[in-house]
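Please keep the sequence and the 3D view at hand while reading.

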Amino acid sequence: MKFYQLNTIYNTNLLNFFFVCITSLIFLKKYSLAEDLISGYHFSEPSTQKIQDDDFLNPGFIWVENGELLWNKKEQSSQLSCKSCHGAASEMKGVALKYPKITKKGDLINLEQQINICRNENMSAETYEPESKNLLALSVLLYYQSRGLKQDIKINEKNKEYFNLGKKLYFKKIGQMGLSCNQCHDDRVGQNLRAEKVSQGHINGFPSYLLRWSKIASVHKRIQFCNEQARAIPFKIFSKEYNALQLYMTWRGRGLKIETPAVRK
Amino acid sequence: MFLKMEKLRRLKYKKIVKVGENVKIKTLAEHEMETGVRRDNITGVIYPRLIIQSVIAKYNGKIVFKANWFSGVSANPYLAFYITAKESGLIEIEWKDDHATTSYKRGYLKVINEKGNEVLPVKYDL
Amino acid sequence: MEKLKRNTLKKLLVLLVSSIAKVSYSNGNPYRDRFQSYRQTFRIEPNPIETERIINNIIGEKKITKNLVDLQVPDTVEDGNVVPLTFKINCSMKKDDYPKKVHVLALENPFPEVAIYEFFPENGNAEVSFRCRMRTSSFIMVIAEMNDGRIGREKKYVDVMLGACS
């Protein structure tokens, strides 16, 4: 063949090759994050994974058993317990997946806030303090009933505004060094931050047993700690901003199975 | 009625065993195990030491295993050990504290000989 | 003249007080070093001489028999608060061949002794597993004293990513 004929054949093959490359990259990039969701279980050492797998070794079950006792306990003021309205705890499967949800007034609330509202209005009992052992025990019990189910929270017109607030906070740069959540948990997953591996930041295992504090911590407390490590001023527990962030993070991790009580560092 | 929230103590082992078999006993206790070394961030006051000092396991009233712990054991401590099964009887585990508060957990172990009958701890002739 | 005397006396006093203050308040004395945070000044350092003394008290001058102790620890641990540990002693557990006491030590903790276990012939296996705390990456040592006088020892290095002791 002559030179110009060879040239045309080479050019067309090369052009085809480029087109295939570009379209495949666009295709992969569009759908990569939704399929590549990795739970925090896979970012921890095998010795920690063994502790989470065994139901006896897992110290989070101490809170689960305490929660069972609290579920059946009758309040002195009204002689009602959680069991008298809702039945046994094992019938609450799938309830914890719907939180954070919107009340009739239009506020976004957490599962822990709902427990306090229930105690205040229906059982006329004292509310539990935030991050207290009793409240976390009940919260872990309810999340434990949905273990194995996939996170799927729906965004409709009611919580669209809070979802947008959460999304804005996730991408907002905070703190002395101007760090935003997506810089570590989206772009630098798997790299080492001193001695810890950066995970994808999903909350499918919360409220989880954190090894550094030797107790169960809720989502808001963990986000507070993360903010303090980035040298930013944290919001308060049960604040509107953290609830919106929790809503965004549950939507971001849709498809992951719930693993409470997880064991994380 | 107020429920006194006692601390959780767990005990797990294989319930029906043959004579001479080694049984693995697992225990888990709920306790903060404050080391006496940690200080408060703001005031600088030391959190006082409060740990489980000894764990004693008894099999039919006879001491079978003893453990003395110091501040180096982690919080919510787990312990696993073995015993040989001779007769069916009571397994009792006692956790003793720095403030000398003791808590117990008991369980029954059933031991079967080769014919399939239960070996009782008390022997009597009729 | 009197004014001079008073002034010199005052200066001497000030010099005295400042010299005493320097000696007692500097030199790393934590109660006055207000530019350091609490976590750094009240750091608990391990004492290597003390650990040597503890080990010598247990072993003394006896000979060490090999292959008595079998220690299993993970190589790297995420958090120093939870280090799962299993040790087994190879012996028959009959008559005099069982361990009287087993000491577990973590060599660079502020208090190096972690646990002491006593066995009886009713245990079928001398195998125990529990979870311990470590301050930094260091050795874990298990010393077994048998009832007939033998001594076994084993040492392993553990890498800790985040230490305990706050």
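How many residues does the contact take from chain A and from chain B? The contact takes ten residues from chain A and twelve residues from chain B, where two residues are in contact if their C-beta atoms, placed from the backbone, lie within 7 Å. The side of chain A that touches chain B is made up of five nonpolar, two polar and three charged residues. In this classification, Ala, Val, Leu, Ile, Met, Phe, Trp, Tyr, Cys and Pro are nonpolar, Asp, Glu, Lys and Arg are charged, and the others, Gly among them, are polar.

## Basis and confidence

This is a predicted model, in which local features need pLDDT of at least 70 and side-chain atom pairs count only at pLDDT 80 or more, while totals for chains, interfaces and linings use all residues. Residues are numbered from 1 along each chain as its sequence is written, and chains are lettered from A and ligands numbered from 1 in the order in which they are written.

For the complex, the predictor gives an ipTM of 0.88 and a pTM of 0.80. Chain C has an average pLDDT (the predictor's confidence in each residue, from 0 to 100) of 82, and 86% of its residues score at least 70. Over residues 26-42 of chain C, pLDDT stays under 50, and the model has twelve contacts beyond four places in sequence for this stretch. Where pLDDT is low, the predicted coordinates should not be read in detail.

## Architecture of chain C

Chain C contains three helices and eight strands; these are DSSP runs, numbered from the N terminus, with helices being H or I of at least four residues and strands E of at least two. From the N terminus on, their order is α-α-α-β-β-β-β-β-β-β-β. Of the contacts in chain C with a separation of 6 or more, 68% are between residues 24 or more positions apart.

Of the 166 residues of chain C, 27% are buried. A residue is buried if 20 or more other C-beta atoms lie within 10 Å of its own, exposed if 12 or fewer, and partly exposed in between, with C-beta atoms placed from the backbone.

## Around strand β4 of chain C

Strand β4 (residues 99-106) of chain C is mostly covered, with six of its eight residues buried. β4(C) pairs in the antiparallel sense with strand β7 (residues 138-146) of chain C over seven bridges; two strands pair if DSSP finds at least two bridges between them. In this pairing, P99(C) has M146(C) as its bridge partner.

β4(C) also runs antiparallel to β5(C), and five bridges join the two. V104(C) stands opposite A115(C) of β5(C), and a hairpin of six residues links β4(C) to β5(C).

## Where chains B and C meet

In this interface, 28 residues of chain B are in contact with 30 residues of chain C. β5 (62-69) and β6 (78-84) are the elements of chain B that give two or more residues to its side of this contact. That side divides into 17 nonpolar, eight polar and three charged residues. β5(B) pairs in the antiparallel sense with strand β5 (residues 113-119) of chain C over five bridges, and K66(B) stands opposite E118(C).

An open sheet of six strands, with antiparallel pairing, has the order β1(B)-β3(B)-β6(B)-β6(C)-β3(C)-β1(C). β1 (9-12) of chain B and β1 (69-72) of chain C stand at the edges, each with a single partner strand, so one side of each has no neighbour in the sheet. Within the sheet, strand β3 (residues 83-89) and strand β6 (residues 126-132) of chain C pair in the antiparallel sense over seven bridges, with I89(C) opposite A126(C).
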